Amino acid sequence: MFTSRLLPPRRALRLIAVFFCVLFAVTVLAAEGTPETNEKADNAQKLRDIQVGPKPDWSWLPQLRVLTEADYPPFNYYDEEGRLTGFNIDLARAICRELSIDCDISAAEWSTLVPSLKANEADAVIASMAINGKTIADVDFTNRYYMTPARFVGRSGALFREVSVEALKGEKVAVVRGSAHEAFLRDFFDGAKIVPFDTSADARGALKAGDVDLLFGDGISAMFWIQGTDANRCCEFKGGGYTEARYFGDGVGIAVKKGNTRLREVLDYALARVKASGRYEELMLRYFPLPLY
């Protein structure tokens, strides 16, 4: 028969004290992590700091006044509840969080963005503004934060999983007439049968109907067409993206007033921090249903 035996009071108190000491130590380790874990975290942070570069001074910048426009989904638009949202909007907020400053974001007509910047009515324009010869004459840009790649699109299935000069010989490729995409095709895929169309819609319709084998054009608009009801799941990307600056530009950057080097350096630093933290990749996955590149 089992009989219980009470511990002497002092011994019981000592055991209770030991129990709580062990419990406290375990709790602290769980909260703080092991030395090895902490060292790995410190090393990862140091690596991110190296990738980001030296930290500039932005104590003079209590607030970032950002201008965008509101008619370019998914980059900037008003949602069903009338809230300004989109990839550019969330990127602006992420930048402000990295700098621990207030973010004042407002939308305006595209034609007024640069004049407003020049008039000091805003600090930065985050509105998918392309970096090219025309825009850099008016504003300065940060490092680019995305590029618009050119992509091949074909009918869904096993054909053209790999795209190469050899694979496209004799194949009909739709393209918009007079575009940079047509020029690129003629320079690098001259063995293909290039079929120019007046509009992107005409080119996509030809691909959907099977009148051409592939379509070559703007990757972002093609992505949303592929995912939309008009395509009716007919088509998919084939191969990877093409980003040659000579044809497709130097990408998109944040615009600041000409000569505002101090702000440009701060924004470059914040952009790099957003990318190093993984936040940029999260935004790409949220707003773009297919890989762009």
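Which residue caps the N-terminal end of α7? The cap is D218, with a side-chain oxygen 3.3 Å from the backbone nitrogen of I220; a polar contact is a pair of N or O atoms within 3.5 Å, where within protein one must be able to donate a hydrogen and the other to accept it, and residues adjacent in sequence count only if both atoms are side-chain atoms.

Before going further, please note that this is a predicted model, in which local features need pLDDT of at least 70 and side-chain atom pairs count only at pLDDT 80 or more, while totals for chains, interfaces and linings use all residues. Residues are numbered from 1 along each chain as its sequence is written, and side-chain values use heavy atoms, leaving out hydrogens and water.

Now to the sheet. Five strands form an open sheet of mixed pairing, in the order β10-β9-β11-β8-β12. Helices (H or I, at least four residues) and strands (E, at least two) are DSSP runs numbered from the N terminus, and two strands pair if DSSP finds at least two bridges between them. At the edges, β10 (193–197) and β12 (235–242) each pair on one side only.

| Strands | Sense | Bridges | Residue pair |
|---|---|---|---|
| β8 and β12 | antiparallel | five bridges | A150 and Y242 |
| β9 and β11 | parallel | two bridges | V173 and L214 |

Strand β11 is largely enclosed by the rest of the structure, because four of its five residues are buried (under 20% relative accessible area with a 1.4 Å probe, protein chains only; exposed is over 50%, partly exposed in between).

Helix α6 (residues 200–209) lies across β8, β9, β10, β11 and β12, at about 35 degrees to β8. In α7 (residues 219–227), the buried residues include I220, M223 and W225, and the buried residues of this helix pack against β8, α6, β11 and β12; contact means heavy atoms within 4.5 Å.

Elsewhere, α3 (residues 87–99) and α10 (residues 279–287) pack at about 165 degrees, with their axes 10 Å apart. Axes are lines fitted to C-alpha atoms, for helices over the stretch in contact, and angles run from 0 to 180 degrees between N-to-C directions. The two helices, α3 and α10, are therefore roughly antiparallel (over 145 degrees). Residues making the contact include F87 and L91 of α3 and Y280 and L283 of α10.

How values were computed. Angles under 35 degrees count as roughly parallel, over 145 as roughly antiparallel, 65 to 115 as roughly perpendicular and the rest as oblique.
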